[in-house]
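Colleague: I would like to go through the labels on this model one by one. Tell me what each one rests on.
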Amino acid sequence: MEGALYLPQSSDLSPSLLLFLGEKFQRKEDLSKAPGLVSELQNQCSDLDESLIDLNQKLLTSIISYASHSERVGGILNEIKAKLSDLRSSTSVSETFLDGKEGQGLGRSEQILAEELPALAKEVARVETVRAYAETALKLDTLIGDVEDAVSSSMTRLRKPSPTANSGKMRLLAIKSLKNTEDILASVTKSRPQWTRLVSAVDHRVDRALAILRPQAIADHRALLTSLGWPPPLSSSNFVNSTIEKSSGLMNPLFTMQGDLKNQYCENFLALCNLQELQTRRKSRQLEGHYRKVAMHQPLWAIEELVNPIVVASQHHFTKWIEKPEFIFALIYKITRDFVDSMDEILQPLVDKARLAGYSCREEWVSAMVTSLSTYLAKEIFPIYVSRLEEDSVSGVPSQARISWLNLVDIMISFDKRIQSLIANSGVLISVKEDDLQRISSLSVFCDRPDWLELWAKIELSDTLDKVKAEMEDEKGWKMKVQGAIGFSELEDYKAPAISGGVIRRLSTLIDRCRPLPSILLRARYIRLAGTAIVQEFLDCLLRRCQEAEGLTALADDDALVKVANSINGARYCESILKEWCEDLFFLEMGFNETSQLETRSDENNIEASGSCIFEEEIGKLKDFHTEWVEKISTVVLRGFDARCREYMKNKKQWQERGGEGGTVSKAFVSALDHLQGKILKLKEGLNEIDFIGVWRSLAGGVDLLLFNGVLMSNAKFYDGGIEIFGGDLEVLFGVFGAWCLRPECFFPRVSEGLKLLKMEEQQVKEGLGRGKERWLRKNRLSHLSAAEAEKIMKNRVFLS
C-alpha cells in the first residue's frame with residue numbers, strides 16, 4: 001500500500017485529466033488495462049518529443065535565412081541612401097533634418113521630385129539632342145566631303161585627262177555618298193523637322209556638287225555616244241513609205257557596241273539614271289506637302305541624250321518638206337520604230353537596276369521623239385500655215401490653205417494612232433492621265449496654243465456647215481426618213497427626216513476629229529466651238545421651215561401641218577441622240593471636268609454648262625422647240641374644231657327636246673368631228689409617237705373644256721331628249737379618241753361628269769342642291785367639278801312630272 005501514498009489528490013488534477021481518467025476507468029475491471037494505457041501514453045510522448053525537435057531545427061533554419069536576407073536588404077538600403085546623398089550634393093542640397101523636424105525634410109523631398117528632377121531630365125534630353133545633332137552633322141559632313149573630293153578629282157581629270165574607268169568609279173562613289181546623304185536627310189526631315197538649317201546647308205552643298213557632277217556625266221555620255229557612232233546616218237531614200245519593213249531599217253549602234261566601250265556606256269547610262277533617281281527623291285522630299293507633280297515624273301535624261309542628236313540631224317530633212325509634212329511624220333515614225341526594241345532589250349535593265357521606278361524606256365523613247373516633233377511643228381510648220389490662213393481671211397478668197405491645214409491635222413491624227421500602237425503592242429499600259437497622253441501625241445501642240453485650236457475648230461465648222469447647208473436645201477432629204485439608228489442603242493421610230501440623220505452623222509464625224517486630243521478641256525472647247533454650232537444651225541433651219549408653213553397657211557393646210565410635224569420629228573430625234581451621247585464616258589468626262597473647274601475658279605468665262613452634259617443647252621433648245629410647236633399644232637386643230645362647232649353650241653333649243661331617237665348625232669356636230677378626226681389621223685401618220693400622244697391628249701383636254709363652257713355652262717335648259725342628244729354626241733366624240741386609249745371618257749372629265757349630273761334622277765338632283773354640296777360631290781365621285789359648276793348644271797336640268 002506504499003504506492004498509494006504517492007498518488008496525487010483529485011483536487012490537484014486538471015479537469016481535462018480527470019475527464020480522461022473517467023473515460024478510461026469507469027469500472028473496476030478497467031484497472032487491469034492500466035499497464036497498456038501507460039505504455040501507449042509513453043509512446044505518444046516519445047513521438048511528440050521527436051516532432052518538437054524537428055520543429056526547433058526548422059525554426060533555426062528560418063531564423064538564419066531571415067538574418068541573411070535582412071543583411072542584403074540593409075545593404076540595398078544603404079546603397080539607396082548613398083545615392084540619395086549623391087543626388088542631394090549634385091543638386092546643391094545641403095540641408096539636413098534639424099531638431100527632428102521631419103515634416104520640413106519631407107517637403108524638401110517633394111520639391112526635388114516635382115521641380116528639380118524634371119529640370120534635370122530636360123537638361124539630359126538637351127544634351128542627348130546636342131550629341132545626336134553633332135553626330136548627324138559629322139556624318140553628313142563626312143559624306144559631303146567624300147562627294148566634294150570626288151568632284152574635285154573629276155575637275156582635275158578635266159585639266160589632266162585620266163582613264164575613263166577611274167572617273168566612272170569616282171562618279172559611282174560620289175553617287176553612293178549622295179544617296180546615303182539623302183537617306184539621312186529624309187530621316188532627319190521626318191524625325192527632326194526643327195533641324196531646317198542643317199538640312200538647308202547640306203542641300204546647298206549637294207546642289208553645288210550636282211551642278212558639277214551631272215554636266216560631267218552628260219558630257220561623258222555624249223562623248224561615248226559619239227564613239228558609238230550615234231546618231232546613225234539618216235537616209236532620205238527609204239523612210240518616205242511608212243509601210244517599210246524593219247529589215248530595211250537604220251543601223252542601230254546600241255546593238256553593235258562591244259567590249260570596253262559597251263561597259264563604259266552602260267556604266268555611264270546607269271550613273272545618269274542613278275543621278276536622276278537621286279534628284280527625284282530630293283525633289284519629292286523638298287516639296288513634301290506642296291505641289292509635287294513636277295518631281296514625280298520628268299523625262300529620262302539618258303533617253304533625251306539619245307533623241308537630241310537625232311533631232312538635230314533630222315532638221316536638214318525637215319526644212320525641205322514644209323509643203324510635204326507627211327514625209328516629216330514618216331521619218332520620225334521610222335526612227336522611233338527602228339530603235340524601240342533596243343530600249344527594251346538593252347536600256348530597260350539598266351533603268352531597273354538604278355531602281356528608277358515608274359519609267360519605261362520604250363515609252364520615254366517614244367514620248368521624247370514625239371515631243372521633239374511637236375516642238376518643231378509649233379516653231380516651224382504651224383506659224384507658216386497660220387500666216388497663210390490669215391492672208392486668205394484678208395483677201396476673202398479661200399484657197400489651198402484650209403485644205404493644207406486639214407490635211408496636216410489628218411496626218412497628225414494618223415501618226416498618233418501608229419505611235420501609240422508601238423506602246424500598246426509592247427504590253428506597256430498607256431496611262432490615262434492627260435500629262436502622259438500629251439507626251440505621246442503630236443496634237444499636244446494645241447495644248448500650249450488654244451488660239452490654234454480655235455482656228456482648227458472654225459475651219460472644221462466652216463467645212464461641215466457648207467456640207468450640212470447643201471444637204472438641208474435639198475428637199476429630198478426632208479421627204480425621206482431616217483433609216484436605222486445612229487445612237488448607242490436601238491431607237492424607236494421617230495419618223496425623222498433623213499436630213500436629221502445626215503446632220504447627226506456630220507456632227508459625229510466632226511466630234512471624232514477631236515477625240516485624239518490629249519486634253520479633256522481642249523476637246524470640250526473644240527465641241528463648244530464647232531459641234532454646238534452645227535446643232536444650232538439645224539435648229540434654226542427647223543424653225544425657219546415651221547415659220548414659213550405658219551406664215552403661208554396658218555397651219556390650216558394639211559401639207560403645212562405635215563411639214564411642221566416633220567420638223568418636230570427631226571428635233572425630237574436629234575434630242576434623243578444627243579441625250580444618248582451625253583451618257584457616254586467621252587462626254588461625261590467633259591461635264592465632270594467643267595464642274596471641277598467651276599468649283600476652283602471664281603470666273604466662269606465661256607463655260608456655260610453646269611457639268612451634267614456638254615450639249616445641255618442645245619438639248620434644252622430642241623426640247624423647247626418641239627414642245628412649242630406641238631402646242632401650236634394642238635391650238636390650230638382646236639381652233640378649227642371650235643370654228644365648226646359654234647353653230648352647234650349656239651343652238652340651245654336642241655337640248656329642250658322632250659324626247660327623241662337615241663344614238664343619233666347632231667348634224668352641226670358632224671362637221672366638227674370630221675375635221676377633228678381628219679387632223680388627228682394626219683398627225684398620227686406624220687408625227688412621232690411620243691409627240692402624237694401629247695397632241696391628242698392636249699386636243700382631248702381642249703375639246704373637253706370647249707364643250708363644257710359652250711354647252712353645259714351656257715345656261716341652256718336640258719330636257720330628257722336633249723340629254724339623249726348630248727350623250728349620243730359625246731359617244732361619237734369618245735369613239736374618235738377610242739383608237740388610242742381604252743377609256744376615252746377619262747380624258748374628257750368635265751363633260752363626262754356634267755353628263756352624269758344630267759342623267760341623275762330628280763331626287764338625287766334635289767339632294768345635290770341641298771346643303772353639303774362638297775360632300776355630296778365626293779359621295780357621287782364628281783371630283784372635276786366645283787360646287788358652283790355642279791349647282792349650275794343641276795339647276796338647268798328640267799324634269800317633267
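Modeller: Start with helix H23, residues 720-737. The model is predicted. H23 has 18 residues and reaches 26 Å from its first C-alpha to its last.

Colleague: How do you know what span to expect for H23?

Modeller: The expected span is 1.5 Å times one less than the number of residues. For H23 that gives 26 Å, and the reach is close to it.

Colleague: What makes H23 mostly covered?

Modeller: Of its 18 residues, 13 are buried.

Colleague: And helix H14, residues 450-472: how does its reach compare with the expected span?

Modeller: H14 has 23 residues and reaches 32 Å, close to the 33 Å expected. Its buried residues include Trp452, Trp456, Glu460, Thr464 and Met472.

Colleague: Why is Ser372 called buried?

Modeller: Buried means under 20% relative accessible area. Ser372 has 17% relative accessibility, so Ser372 counts as buried. Ser372 lies in helix H11, residues 361-395.

Colleague: Which residues does Ser372 contact, leaving aside neighbours within four places in sequence?

Modeller: Val307 and Val311. Contact needs heavy atoms within 4.5 Å.

Colleague: Why are helices H17 and H20 called roughly parallel?

Modeller: Angles under 35 degrees count as roughly parallel. H17 (residues 520-553) and H20 (residues 616-650) pack at about 10°, with axes 10 Å apart. That makes H17 roughly parallel to H20.

Colleague: Which residues meet there, and of what class?

Modeller: From H17, they include Val535, Leu539, Leu542 and Glu550. From H20, they include Lys621, Leu622, Phe625 and Trp629. By class, the contact has eight nonpolar, three polar and four charged residues.

Colleague: What makes a set of residues a nonpolar core?

Modeller: The members are buried nonpolar residues joined through side-chain atoms within 4.5 Å. The largest such core here has 207 residues. Leu347, Trp365, Trp405, Phe446 and Phe615 touch the most other members.

Colleague: What does Leu347 contact, leaving aside neighbours within four places in sequence?

Modeller: Its contacts are Leu254, Tyr265, Phe269, Ile303, Leu306, Ser342 and Cys361.

Colleague: How many helices and strands does the chain have?

Modeller: It has 27 helices and zero strands. Buried residues make up 41% of the 801 residues. Among contacts with a separation of 6 or more, 78% join residues 24 or more positions apart.

Methods. Residues numbered from 1 in each chain as written. Predicted model: local features only at pLDDT ≥ 70, side-chain atom pairs only at ≥ 80, totals over all residues. Heavy atoms only, no water. Buried < 20%, exposed > 50% of the residue type's maximum accessible area, 1.4 Å probe, protein only. Helix = DSSP H or I, 4+ residues; strand = E, 2+ residues; numbered from the N terminus. Axes fitted to C-alpha atoms, helices over the stretch in contact; angles between N-to-C directions. Parallel < 35°, antiparallel > 145°, perpendicular 65-115°, else oblique. Nonpolar A, V, L, I, M, F, W, Y, C, P; charged D, E, K, R; others polar.
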